[in-house]
Amino acid sequence: VFCAPDDRWEFRLLFPKSRISYFLGRFGRNDAWVYASGEYYVDAYQLDLEAPRTSLRGELSDYRLLVGTNVQCGSWNLFAECGAVMDRHVRFRGPVSDFSIGAGFLLRVGLTY
């Protein structure tokens, strides 16, 4: 569900990544937003081990709750966000056992084009 009830609020309530954003305003020619998001995240890997020669596939999955800010400068975006990472699991297809990782804190700063 995507909903923008007015010029300031934006709701993207979708799976696997939902986000609620609030438009702070324009600063010079740049748009500034704050947001809260929740997401289900999965990363897949191919691991090749030399001794003994083994190849296996693995995936890391978790749930993330984040708050952050985003500044849009033309086609560039500068963002900073922090939050919690929970229910982390590492699963393998092959001779390696699956395992879990405890909850943690996430801090991300970035620039996208």
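This is a predicted model: local features need pLDDT of at least 70, side-chain atom pairs count only at pLDDT 80 or more; totals for chains, interfaces and linings use all residues.
**View 1. Arg12 and Glu10 form a salt bridge.** The closest N and O atoms of Arg12 and Glu10 are 2.9 Å apart. Side chains of opposite charge can pair when their charged atoms come close. Arg12 is partly exposed, at a relative accessible area of 38%. Glu10 has a relative accessibility of 16% and counts as buried, because the cut-off for buried is under 20%. A search of the whole structure finds five salt bridges, one of them the pair Arg12 and Glu10.

**View 2. Strands S2 and S3 pair in the antiparallel sense.** Strand S2 covers residues 9-12, and strand S3 covers residues 17-27. Four bridges connect S2 and S3. Glu10, shown in the previous view with its salt bridge to Arg12, stands opposite Ser21 in S3. A hairpin of four residues leads from S2 to S3. In a regular strand the side chains alternate between the two faces of the sheet.

**View 3. Strand S1 pairs with strand S2.** Strand S1 consists of residues 2-3. The pairing of S1 with S2 is antiparallel and has two bridges. Cys3 has Phe11 in S2 as its bridge partner. The hairpin between S1 and S2 runs through five residues. S2 therefore pairs with S1 over two bridges and with S3 over four bridges, as two strands pair if at least two bridges are found between them.

**View 4. Asp31 forms a salt bridge with Arg26.** In this pair the closest N and O atoms lie 2.7 Å apart. How accessible is Asp31, buried or exposed? Asp31 counts as buried, with a relative accessibility of 18%.

**View 5. Arg108 and Glu81 link distant parts of the chain through a salt bridge.** The closest N and O atoms of Arg108 and Glu81 are 2.7 Å apart. Arg108 belongs to strand S8, residues 104-112. Glu81 belongs to strand S6, residues 76-93. Glu81 counts as buried at 9% relative accessibility, whereas Arg108 counts as partly exposed at 27%.

Methods: Residues are numbered from 1 along each chain as its sequence is written. Side-chain values use heavy atoms; hydrogens and water are left out. A salt bridge is a side-chain nitrogen of Lys or Arg within 4 Å of a carboxyl oxygen of Asp or Glu. Buried means under 20% relative accessible area, exposed over 50%, partly exposed in between (1.4 Å probe, protein chains only).
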